[in-house]
Amino acid sequence: MMNDESNLEGELNTSIKKGKLITFIFWLLMPIFLWFIILFLLVGVPYLENSPFIFDKTLSAIQESENNSKFEKELQAGITQIQKKMDRLTPGGAYLIINTSDNTFSLYQNKVLVREGLCSTGSYIKLEAENNKNWMFQTPKGVFSIQGKITSPVWRKPDWAFVEEGLPIPGPNSSARFEAGVLGDYALSLGKGYLIHGTLYKRFLGQPVTHGCVRMNDEDLKTVYQSLPIGAKVFIY
């Protein structure tokens with residue numbers, strides 16, 4: 001009986017000693033733990049805020065990706081809307097586009113390109129007469145329509161044609177004003193004296209050498225003449 005009581009008392013003392021040791025270790029480590037927390041708050045948190053690999057950066061990347069996706073959708077919607085507007089504005093039949101920078105033309109039929117090639121447009125040369133009258137030889141830009149068509153056209157020479165050659169200007173109905181065979185086989189009128197016609201100087205096609213009209217070679221002119229009805233649109237830029 002005495003041995004049992006002695007053993008029980010020993011175990012109790014041992015447990016008390018262990019408890020005191022654990023308590024001692026806990027209070028010994030507590031300041032270190034608190035200092036670690038303070039150090040983390042002072043140093044670790046700012047570092048994490050500036051780190052490119054932490055959660056806020058990941059969240060920012062996700063938001064940026066979502067914004068990019070939204071921008072792409074809005075851009076695509078805008079392109080689609082512009083395309084619809086272009087389709088509404090583009091003629092459904094035959095129309096001609098003339099590029100005065102490259103001196104090229106494109107003929108379309110129902111929005112399909114059917115022919116393209118070289119042409120010649122205004123030279124932008126300025127001609128001055130003695131009476132202070134002057135002319136700037138440029139092809140007008142804008143949207144025009146075919147106002148008239150003629151075969152075997154005869155050129156009615158304007159005043160500048162005589163000034164350019166150093167000749168006296170004849171009367172408005174003088175036979176000297178009319179010259180056949182220089183405009184090709186066909187001519188299409190754009191109004192205000194501007195024509196799409198042929199040329200004797202095919203080697204100059206693709207260059208800005210005209211007095212404002214649009215020149216084409218024989219084959220291209222024939223196709224354009226046959227394709228464009230009265231009222232067809234001509235876009236010049």
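**Entry 1. Phe-144 and the sheet**

I looked up Phe-144 and found that this residue stands opposite Val-234 in strand 13. Strands here are DSSP runs of E with at least two residues, helices are runs of H or I with at least four residues, and both are numbered from the N terminus. The model is predicted: local features need pLDDT of at least 70, side-chain atom pairs count only at pLDDT 80 or more, and totals for chains, interfaces and linings use all residues. Residues are numbered from 1 along each chain as its sequence is written, and side-chain values use heavy atoms, with hydrogens and water left out.

I then examined how strand 6 and strand 13 (residues 233-236) are joined, and I noted 4 bridges and an antiparallel run. Two strands pair if DSSP finds at least two bridges between them.

**Entry 2. Helix 4**

**Entry 3. Salt bridges**

Side chains of opposite charge can pair when their charged atoms come close. I counted a salt bridge where a side-chain nitrogen of Lys or Arg is within 4 Å of a carboxyl oxygen of Asp or Glu. The count by this rule is 6 salt bridges.

I began with Arg-115 and Asp-220, whose closest N and O atoms are 2.5 Å apart. This pair links distant parts of the chain, 105 residues apart: Arg-115 is in strand 3 (residues 112-118) and Asp-220 is in helix 4 (residues 218-227). Is Asp-220 buried or exposed? Asp-220 counts as buried, at 7% relative accessibility, while Arg-115 is partly exposed at 28%. Buried means under 20% relative accessible area, exposed over 50%, and partly exposed in between (1.4 Å probe, protein chains only).

I next looked up Lys-202 and Asp-218, a salt bridge with its closest N and O atoms 3.5 Å apart. Lys-202 lies in the loop between strand 11 (194-197) and strand 12 (214-215), and Asp-218 lies in helix 4, so the pair ties together parts 16 residues apart in sequence. Lys-202 is partly exposed at 37%, and Asp-218 is partly exposed at 33%.

Lys-126 and Glu-128 also meet in a salt bridge, at 3.9 Å from N to O. I noted Lys-126 as partly exposed at 48% and Glu-128 as exposed at 55%. Lys-133, Asp-159 and Arg-177 are linked in a network of salt bridges.

**Entry 4. His-197 and the cysteines**

I located His-197 in strand 11. His-197 counts as buried, at 6% relative accessibility. Leaving out residues up to four places away in sequence, I found that His-197 touches several residues, including Tyr-186, Cys-213 and Leu-221.

Cys-213 is itself buried, at 16%, and Cys-119 is buried at 0%. How many disulfides does the structure hold? I found 0 disulfides, a disulfide being a pair of cysteine sulfur atoms within 2.5 Å.

Technical notes:
Contact = heavy atoms within 4.5 Å.
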